[in-house]
Amino acid sequence: MRRVAEKRCVYPGSFDPVTNGHVDIIERAAALFDEVTVAILHNPAKTGRFPVEKRMEMLKKACAHLPNVRFDHFGGLLVDYMRRSDCRVVVRGLRSTADFESESTMAQLNRALAPEVETLFLPASPLHSVVSSSAVREIALFGGDFSPFVPACIVQDVQNAFDPKP
């Protein structure tokens, strides 16, 4: 596969937890770019199930096979992070038309704030188009089998977060 002109990209998200769909997008971006930064957004307005450090650990495990992927976290505006990182391409995965509408709006706002930043949309693989972190959390909360939706190497991490503590 031929690489695009820009050598680096950022794939931002909450990754709470990372899903097989996320890993699919990361793998595909890693085939297109020399370097992919997976950047965990810390949103103080939202309480995640997993602390940012745990999300980072799970992402590193899930992507250990990808030597050109690095990991970071940030708070605030994505365009500010992009400028600090000296990176011009944002990668976003799309599962549905609803995702397209919200992601397109965000891309347009980002472009208005930082015209140098481009957003590249990668459609989700049909196998992963219904999987979301919130669905995984809900399945796990009610004791369902979420394992088909997350990388095998983090199943126990997710299970531990939802097991009742004695």
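Colleague: What is the relative accessible area of K61?
Modeller: This is a predicted model, so the value is computed from predicted coordinates. Buried would require under 20%, and exposed over 50%. K61 falls in between and is partly exposed, with a relative accessible area of 34%.

Colleague: Which residue forms a salt bridge with K61?
Modeller: The closest N and O atoms of the pair are 2.5 Å apart. The cut-off for a salt bridge is 4 Å. The partner of K61 is D157.

Colleague: How many residues apart in sequence are the parts that K61 and D157 tie together?
Modeller: K61 forms a salt bridge with D157. K61 sits in helix 2 and D157 in helix 6, so the pair links parts whose separation in sequence is 96 residues.

Colleague: Is D157 buried or exposed?
Modeller: The limit for buried is under 20% relative accessible area. D157 has 11%, so D157 counts as buried.

Colleague: Which residues are joined into one network with K61 and D157?
Modeller: D157 is buried, at 11%. Salt bridges that share partners connect K61 and D157 with two others.

Colleague: Which residues of helix 6 are buried, and within what arc do they fall?
Modeller: Helix 6 covers residues 155–162, and its buried residues are D157, V158 and F162. Seen down the helix axis, they line one face, because they fall within an arc of 130 degrees.

Colleague: Which helices do the buried residues of helix 6 pack against?
Modeller: Contact here means heavy atoms within 4.5 Å. By that test, the buried residues of helix 6 pack against helix 2 and helix 5.

Colleague: About how many helical turns separate R28 and D24?
Modeller: R28 and D24 form a salt bridge, with the closest N and O atoms 3.0 Å apart. An α-helix has 3.6 residues a turn, so residues three or four places apart point the same way. R28 and D24 are 4 residues apart in helix 1, so their separation is about one helical turn.

Colleague: What is the handedness of the β-α-β unit with helix 4?
Modeller: Strand 4 and strand 5 pair in the parallel sense over 6 bridges. L94 stands opposite P123 in strand 5. With helix 4, the two strands make a β-α-β unit that is right-handed.

Terms used: Residues are numbered from 1 along each chain as its sequence is written. This is a predicted model: local features need pLDDT of at least 70, side-chain atom pairs count only at pLDDT 80 or more; totals for chains, interfaces and linings use all residues. Side-chain values use heavy atoms; hydrogens and water are left out. Buried means under 20% relative accessible area, exposed over 50%, partly exposed in between (1.4 Å probe, protein chains only). The arc is that of the directions from the helix axis to the C-beta atoms. Two strands pair if DSSP finds at least two bridges between them. A crossover is right-handed if, with the strands pointing away from the viewer, the path from the first strand over the helix to the second runs clockwise. A salt bridge is a side-chain nitrogen of Lys or Arg within 4 Å of a carboxyl oxygen of Asp or Glu.
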